[in-house]
Amino acid sequence: CFSSSAAAHIGVGISGQEGIQAVLASDYSFSQFRFLQRLLLVHGRWSYLRMCRFLCYFFYKNFAFTMVHFWFGFFCGFSAQTVYDQYFITLYNIVYTSLPVLAMGLFDQDVPEQRSLEYPKLYEPGQLNLLFNKREFFICIAQGIYTSVVLFFIPYGVLSHATQSNGVPLADYQTFAVTTATALVIVVSVQIALDTGYWTAINHFFIWGSLGTYFTILFAMHSSILFNIFPKQFHFLGSAHNTLGQPVVWLTIALATVICIAPVLAFRFLKLDLKPQLSDTVRYTQLVLQKKQKPCGRVGRGVGGG
Amino acid sequence: MRKSSCRRGGTPEDIRMKNEEEASERPDNTAFTQQQLPAWQPVLSAGIIIPGFLIIGLAFLGIGIALFLTSQTIQVLEMDYTGVEKDSPCFRCTSPSNQTCTCEVTFSLSTLFTGPVFFYYGLSNYFQNFRKYGVSKDDYQLTGDTQYFKSPRDVCFPYAHDSKNNPIVPCGAIASSMFNDTFELYQIINGTKKKVPLDGKGISWWTDYNIKYRNPLPVNGSFASAFDGTVKPINWPKAAYELDLTDPNNNGFLNQDFLVWMRRAALPQFRKLYRRITEGDYATGLPAGNYSLTVYYNYPVLSFDGRKKVVFSNVSWMGGKNDFLGIAYLVVGSLCVVMSVVMLIVYAKFKFSDDDDA
């Protein structure tokens, strides 16, 4: 039994009367053989789904974030000048975008557990490596690169000739940095909102909380209090107020968001209509069923048996 | 192979204890641990997506039309005065021997240039966004911290000390490369020149002027003495404390032109606000007629193939002339409307074909 555990992807041990040797050598262990069904069809399937969505989003958001510097290189003499404030770069992956994707990776469900057990064929994408393979990886990367192009060139096109309503030009480096950074955080937050299929209270808290944290930290770091303590570190004084108080900047951010997100929405909708997967059909049927059952008094629980 | 072990049923106490042990080893049965938290499960349904795309498309079309029309009403006049061509008025100023050279650019306006008119200078092929250039300044000096006057930070190298090792204030490449062309604008009325008043107050950011940059405190009542033991940047004609001797609120590091220059541009082509035309006879704008712009040409740009220009512009609620935003909104709006129609067609075909199959 040791060799079979070593050869397989996952080792499962049953803890029983013979002792716990198999349990010690395995990745998962439980007490009854019948639990294997739930392990594979519910937990294993969800785990695969969550992992694939997590990975795709992670590559996407980091490519969207980093490739902006590649495009900016053509316009800054390839001097490795960062587009964003250094603190934004530090906090982007730690604070602004980490928790929503973590919540998705922990809680996401495409189909509730009863349906997963009813339709074992849902297990097939995992066996066939359908949700994350080379093709899906390149699609995630391509989406990240496309987003970075939009996030750089839309502010470039707008701000290069824009001025504030009092005539002061908006083409300075700090305004450009704040505009691009804000657009980036909003776009990737909308994207994780699209990717999350199962919105628990925790998901809501993390997604809206991350956005709120971004604006809070932005205004705090660009305030005069921190500048007076550390002038060299917080030299973006006044940028947030000056930039985000201009209607042109918000119009730019809205434009960039729609250009980034609308193709994704359209593509996913068309895919749902033209080539629905089994999980899409089961999920849709489940939700239609829930809506029909709601008047019968089953309120409050988003997940329920059919 | 299962080892057979005989297990008797046990006494009632044994069974109860066994049940209690099992109960304590059972995993939690809360909604969180059983992954049954109440949740909203959105579905990309046609009832939301297609009208959503249509609404966004129409909204963007509306905004795009407003932006485009507003942008069309803004007047802009740009003139390149670098003097590259032999017949341009400032050509004689491009040879390096003429250090302080004056040239005159004439232009005429056919209609009233509605006020308030904003006067910008523009540079191209000028990389203020270069990384080493951008870090080359001493933020502590610029907050008036005299401790750093005598010992500028290392990032200012090679603009931190002059050849005799005196510290430079303000140090760094950004300050050292400050734009020093000056302009005077005259309207030509019946052959005589009438000066157009230019207003240089408040052209920089409020936070720059009031918080970020601070002058050092005067020493023995003299502002210039605060700069004792330091020298001016090598390329500057006057020291920092002489930038505007007529107005102490515009002198030293609080000089508006200095602040405008220190706010470095993001892109290699940029404009910076020089003055506003808001006073006197020209408060409502520049009337139609002939004008003459006198340029005190100090700033050399031809060595790196740069260009200099002046720009006159007026503004609206959305700022200066910006065709890009209006056109982008129109394009995206129409694409969204087209997409919503396409999706409606696909959805209708799919739905009806599905009904036919069923």
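This is a predicted model: local features need pLDDT of at least 70, side-chain atom pairs count only at pLDDT 80 or more; totals for chains, interfaces and linings use all residues.
## Chain A overall

Chain A holds 14 helices and two strands. Its C-alpha trace spans about 80 × 50 × 35 Å along the principal axes. Of its 306 residues, 50% are buried.

Among contacts in chain A with a separation of 6 or more, 72% are between residues 24 or more positions apart.

Helix α3 of chain A covers residues 35-73, 39 residues in total. From first to last C-alpha it reaches 55 Å, close to the 57 Å expected at 1.5 Å a residue. The helix α3(A) bends by about 30° at A:G44.

Helix α9 of chain A runs over residues 173-195. Its 23 residues should span 33 Å at 1.5 Å a residue, and the end C-alpha atoms are 33 Å apart, so expectation and model agree. This helix is mostly covered, with 20 of its 23 residues buried. A:T182 lies in α9 of chain A. Its relative accessibility is 0%, so A:T182 counts as buried. Beyond residues up to four places away in sequence, A:T182 touches A:Y214, A:F215, A:L218, A:L244 and A:I253.

Helix α13 of chain A takes in residues 247-274. Its 28 residues should span 40 Å at 1.5 Å a residue; the end C-alpha atoms are 40 Å apart, which agrees.

## Nonpolar cores

The largest nonpolar core has 77 residues. A:Y84, A:F88, A:L184, A:L255, B:L325 and B:M343 have the most contacts inside it. Helix α13(A) supplies the largest share of this core, 15 residues. In soluble globular proteins, nonpolar side chains tend to be buried together.

B:L325 shows how the two chains meet here. Neighbours within four places in sequence aside, B:L325 is in contact with A:V158, A:V248, A:L251, A:T252, A:L255 and B:L67. Another core, of 62 residues, lies apart from the largest one. Its members include B:Y133, B:A173, B:L243 and B:Y291.

A:F269 lies in helix α13 of chain A and B:Y347 in helix α9 (residues 323-357) of chain B, so the pair joins two chains.

The partners sit in unlike surroundings. A:F269 has 1% relative accessibility and therefore counts as buried. B:Y347 is partly exposed, with a relative accessible area of 26%. Leaving out neighbours within four places in sequence, B:Y347 is in contact with A:F269, A:D273, B:A46 and B:I50. B:A46 is 301 residues away from B:Y347 along the chain, yet their C-alpha atoms are separated by 7.5 Å.

## Rings within chain B

B:F119 and B:Y274 form an edge-to-face pair, 5.4 Å centre to centre with 70° between the planes. The pair links distant parts of the chain, 155 residues apart. B:F119 is in strand β4 (residues 117-124) of chain B, and B:Y274 is in strand β7 (residues 270-277) of chain B. Both B:F119 and B:Y274 are buried.

Charged side chains also meet rings. The charged end of B:R275 sits over the ring of B:Y274, 4.4 Å from its centre. B:K308 lies over the face of B:Y297, at 3.4 Å from the ring centre.

## Backbone details in chain B

Two cis peptide bonds involve prolines. The bond from B:F157 to B:P158 is cis, with omega near 0°. The bond joining B:V169 and B:P170 is also cis, with omega about -10°. B:P158 is in the loop between α5 (147-150) and α6 (173-176) of chain B, and B:P170 is in the loop between α5 and α6 of chain B.

Two asparagines have positive phi. For B:N190, phi is about 50°; for B:N220, phi is near 55°. B:N190 is in the loop between β5 (182-189) and β6 (192-195) of chain B. B:N220 is in the loop between α7 (206-212) and α8 (256-262) of chain B. B:N190 counts as exposed at 78% relative accessibility, and B:N220 counts as exposed at 79%.

Note on methods: Residues are numbered from 1 along each chain as its sequence is written. Chains are lettered from A and ligands numbered from 1 in the order in which they are written. Side-chain values use heavy atoms; hydrogens and water are left out. Helices (H or I, at least four residues) and strands (E, at least two) are DSSP runs, numbered from the N terminus. The expected span of a helix is 1.5 Å times one less than its number of residues. A nonpolar core is a set of buried Ala, Val, Leu, Ile, Met, Phe, Trp, Tyr and Cys residues joined through side-chain atoms within 4.5 Å. Buried means under 20% relative accessible area, exposed over 50%, partly exposed in between (1.4 Å probe, protein chains only). Contact means heavy atoms within 4.5 Å. Rings of Phe, Tyr and Trp (its six-membered ring) pair if their centres lie within 6.5 Å; planes under 30 degrees apart count as stacked, over 60 as edge-to-face and the rest as tilted. A charge sits over a ring if NZ of Lys or CZ of Arg is within 6 Å of the ring centre and within 35 degrees of the ring normal. The bend at a residue is the angle between axes fitted to the seven residues ending there and the seven starting there.
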